[in-house]
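Hello,

Here is the structure for you to look over. My notes follow below it.

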Amino acid sequence: MKKYDVAVVGATGMVGRKMLEVLEERKFPIGKLYPFASAKSAGSKITFSGNEYEVIELNEKNIKKYTPQIALFSAGAGVSGEFAPIFAREGAIVIDNSSRWRTDPEVPLVVPEVNPEKIFENHGIIANPNCSTIQAVVALKPLYDNFGIKRIVYTTFQAVSGAGRGGYDDLKNGVNGEAPKKFPKPIFGNCLPHIDVFLDNGYTKEEEKMIFETKKIIGNESLKITATCVRVPVYYGHSESINVEFETPVTLDKVRAALEGAEGVVMRDDIKNSVYPTPLEAENKNEVFVGRLRMDESVESGINMWVVADNIRKGAATNAVQIAEVWAKRNG
């Protein structure tokens, strides 16, 4: 099997470490591993597959010195904007987890279960979508393909880890009564309908991301979508209530069959026995879990469903590694 030299940019961060874990778990064919991070973390050590690696300072000189074929980025939009093009110019395929490239019309936005063909329409950079969008479209795409979708209403319940280490620490420290440092209000024992910044239209940037990214990934700019995104006091795992109105008549059995046959979807839907997905059950899993499936009796053809996934794993690290796997298989 052909092996690939891989850089992980932001290797010491929450998502970067999870990327390394997923690469090892899935036995990605790595030749040389180059863990990059800021000057502050450079020289520290990480362990991967039983071997110790020294963290490399992220700068142009080192990018040119260490020339990977694949670069997995999880270091923020500013870092990606500056350094991803350098890796691409040096011949690497960049898979970026930040928001920097998602809206760029020249950069594919990819969820491998949904639009893997877009991986090969890149100019050196592929964007990993927002974590909340990833799990939603994995569940929505089989329904869109089978029945057509007229309208989507998102309500999300997003874990604090989606805001990085600072968000995680705000919940952890908030248990002891400490004031928040990352969030504008306490998150412990609370819910904040405020993820990212507020825009002039009253939506948050997170809500607009979900709307835009769903349209781009599914490939239909005319889809009608609205969203409300809420931060909740959960460490890992985003939950979403998704209301879908279809173009064609459906039955619950047909919808269930479409979801049960979908790649990456696991049904947890037996309410008589209290079987439905929760963040605790989705933690550290790669799949998207769906339950609470029921007809929306207020419209002619619609359903409600509850969708849960680990936002750090499937919502970031695993999705990026899956993109790399598809790319490597084609080029192997």
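Buried means under 20% relative accessible area, exposed over 50%, and partly exposed in between (1.4 Å probe, protein chains only). Val 175 is partly exposed because its relative accessibility is 45%. Val 175 sits in the loop between α5 and α6 (helices are DSSP runs of H or I, at least four residues, numbered from the N terminus).

This is a predicted model, where local features need pLDDT of at least 70, side-chain atom pairs count only at pLDDT 80 or more, and totals for chains, interfaces and linings use all residues. Residues are numbered from 1 along each chain as its sequence is written, and side-chain values use heavy atoms, without hydrogens and water.

Now the pockets. A pocket is an open set of points on a 1 Å grid over the protein atoms alone, where a 1.4 Å probe fits, with protein on both sides within 12 Å along at least five of seven lines; lining residues have an atom within 4 Å of a point. A volume is the space filled by probe spheres set on the points.

The largest pocket holds about 1000 Å³. Its lining has 36 residues, and Asn 97, Ser 161, Gly 162, Ala 163 and Gly 164 are the closest to the centre. At least two lining residues come from each of α1 (14–25), α5 (164–174), α6 (205–218) and α9 (313–331).

The second largest pocket has about 170 Å³. Its lining includes Pro 105, Glu 106, His 123 and Lys 216.

Best wishes
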